[in-house]
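Here's a quick briefing to read alongside the model. Have the 3D view open and click along as you go.

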Amino acid sequence: MSDQPALTPHETILTGPSGLRLFTRSWKPPHPPRAIVAICHGVNSHSGQYLWAGAELAKAGFAVHALDLRGRGKSDGERFYVDSIDEYVADLSTLIAHAKAENPGLPLYLLGHSAGGVVSCTYTLDHQAELAGLICESFAFRVFAPDLALTLMKGLSHVIPHTGVLKLKFDDFSRDPAAVAAMYADPLIEGEAQPVATVAALTRADERLERDFPKITLPVFILHGTADHTTRPEGSQLFFEKAGSTDKTLKLYEGHFHDLLNDLGKEQVVADIIGWINTRHAGR
């Protein structure tokens with residue numbers, strides 16, 4: 001895959017909830033697409049971190065659409081801030097509606113990374129019929145923070161909601177020095193710290209997911225690196241065990257870091273994603 005020429009993404013501004021301008025990128029395959037892949041990024045990220053993965057998925061025959069969530073990347077909104085996961089879900093709904101309008105009649109697979117996996121799982125609970133499958137990568141369902149601290153964030157979200165409290169280490173995202181260097185050089189994530197309200201919103205969303213995992217019944221592919229120091233692989237294991245899907249797969253990548261699609265060995269990861277979709281798409 002990687003020896004083929006790169007595909008240049010098309011940039012589009014969508015009008016999201018309350019008139020927010022949402023920045024998106026899309027990749028068209030060389031031939032008519034067979035399916036759609038929608039990508040939802042996590043924290044310390046935006047659609048620009050999927051330039052390689054988006055092109056690879058497009059080369060495999062998929063129409064690929066990725067967004068910058070509100071307050072992130074090049075989208076409107078207070079930087080890194082939300083009061084509720086529903087705000088991110090509304091942004092993702094805008095992207096998915098656009099992707100489907102651009103590619104009528106095609107099945108859509110949703111790929112969520114880290115906190116984007118929390119957003120994507122929440123979207124799935126509320127809009128399961130819109131999707132052909134869910135791909136959950138480095139799921140931020142269990143994180144390296146004490147439960148007491150997360151509970152405290154929920155209380156503080158009513159007192160100091162805009163205060164930045166959570167900073168992740170770029171070096172924990174990838175074993176590829178070039179990928180880490182690109183993060184340090186990226187002005188869109190420079191100095192990024194998650195506000196109290198955003199951490200609280202993600203914590204509340206995780207609590208709902210733990211209750212409602214059995215309601216997720218569509219095909220699910222869950223991926224996690226065993227050396228992820230940002231989100232805990234056991235969270236992905238728990239999702240796998242509790243999901244109501246009869247078609248569910250968990251793959252753990254030995255020694256891989258948090259951002260599987262920008263880590264060493266990313267070629268195997270994207271090949272696994274393509275293979276998983278192709279298997280479920282056979283005969284269509």
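His-41 sits in the loop between strand E3 (35-40) and helix H1 (51-59); helices (H or I, at least four residues) and strands (E, at least two) are DSSP runs, numbered from the N terminus. This is a predicted model, where local features need pLDDT of at least 70 and side-chain atom pairs count only at pLDDT 80 or more, while totals for chains, interfaces and linings use all residues. Residues are numbered from 1 along each chain as its sequence is written, and side-chain values use heavy atoms, with hydrogens and water left out.

- His-41 counts as buried because its relative accessibility is 1%. The cut-offs are under 20% relative accessible area for buried, over 50% for exposed, and partly exposed in between (1.4 Å probe, protein chains only).
- The side chain of His-41 reaches the backbone oxygen of Ser-45 at 3.4 Å.
- Beyond its neighbours within four places in sequence, His-41 is in contact with His-46, Ser-47, Tyr-50, Leu-67, Asp-68, Leu-69, Arg-72, His-113 and Gly-116. Contact here means heavy atoms within 4.5 Å.
- Asn-44 is in this loop too, between E3 and H1. Its phi is positive, about 55°, although Asn-44 is not a glycine.
- Asn-44 counts as buried, at 1% relative accessibility.

**Another positive phi**

- Ser-18 lies in the loop between strand E1 (10-15) and strand E2 (21-27).
- Phi of Ser-18 is near 60°, which is a positive value in a residue other than glycine.
- Is Ser-18 buried or exposed? Ser-18 is exposed, with a relative accessible area of 84%.

**H1 against H8**

- H1 and helix H8 (residues 266-281) pack at an angle of about 40°, and their axes are 10 Å apart. Axes are lines fitted to C-alpha atoms, for helices over the stretch in contact, and angles run from 0 to 180 degrees between N-to-C directions.
- That angle makes H1 and H8 oblique to each other. Angles under 35 degrees count as roughly parallel, over 145 as roughly antiparallel, 65 to 115 as roughly perpendicular and the rest as oblique.
- H1 and H8 have a right-handed crossing. The call is left-handed if the near helix is turned anticlockwise from the far one by less than a right angle, and right-handed if clockwise.
- On the H1 side, the contact uses Trp-52, Glu-56 and Leu-57, and H8 brings Lys-266, Glu-267, Val-270, Ile-273 and Ile-274.
- By class, the residues of this contact of H1 with H8 are 5 nonpolar, no polar and 3 charged. Ala, Val, Leu, Ile, Met, Phe, Trp, Tyr, Cys and Pro count as nonpolar, Asp, Glu, Lys and Arg as charged, and the others, Gly among them, as polar.
- Trp-52, in helix H1, is partly exposed, with a relative accessible area of 21%.
- The C-alpha atoms of Trp-52 and Leu-7 are separated by 8.7 Å, with the two residues 45 apart along the chain.

**H3 and its partners**

- At what angle do H2 and H3 pack? The angle is about 75°, with the axes of H2 and H3 9 Å apart, so H2 and H3 are roughly perpendicular to each other.
- H2 brings Ile-85, Tyr-88, Val-89, Leu-92, Ser-93 and Ile-96 to this contact, while H3 brings Val-118, Val-119, Ser-120, Thr-122, Tyr-123 and His-127.
- The contact of H2 with H3 has 8 nonpolar, 4 polar and no charged residues.
- The axes of H3 and H6 come within 10 Å and cross at roughly 50°, which makes H3 oblique to H6.
- The crossing of H3 and H6 is left-handed.
- The contact of H3 with H6 has 7 nonpolar, 1 polar and 4 charged residues.

**Ala-90 in H2**

- Ala-90 is in helix H2 (residues 85-102) and is partly exposed, with a relative accessible area of 24%.
- Not counting residues up to four places away in sequence, Ala-90 touches Pro-17 and Arg-70.

**What covers H7**

- Helix H7 (residues 233-242) has Pro-233, Gly-235, Ser-236, Leu-238 and Phe-239 as its buried residues.
- The cover over those buried residues of H7 includes helix H3 (115-127), strand E6 (133-137), helix H6 (196-212), strand E9 (220-225) and strand E10 (248-253).

Notes:
Polar contact = N/O pair within 3.5 Å; in protein donor to acceptor, adjacent residues only side chain to side chain.
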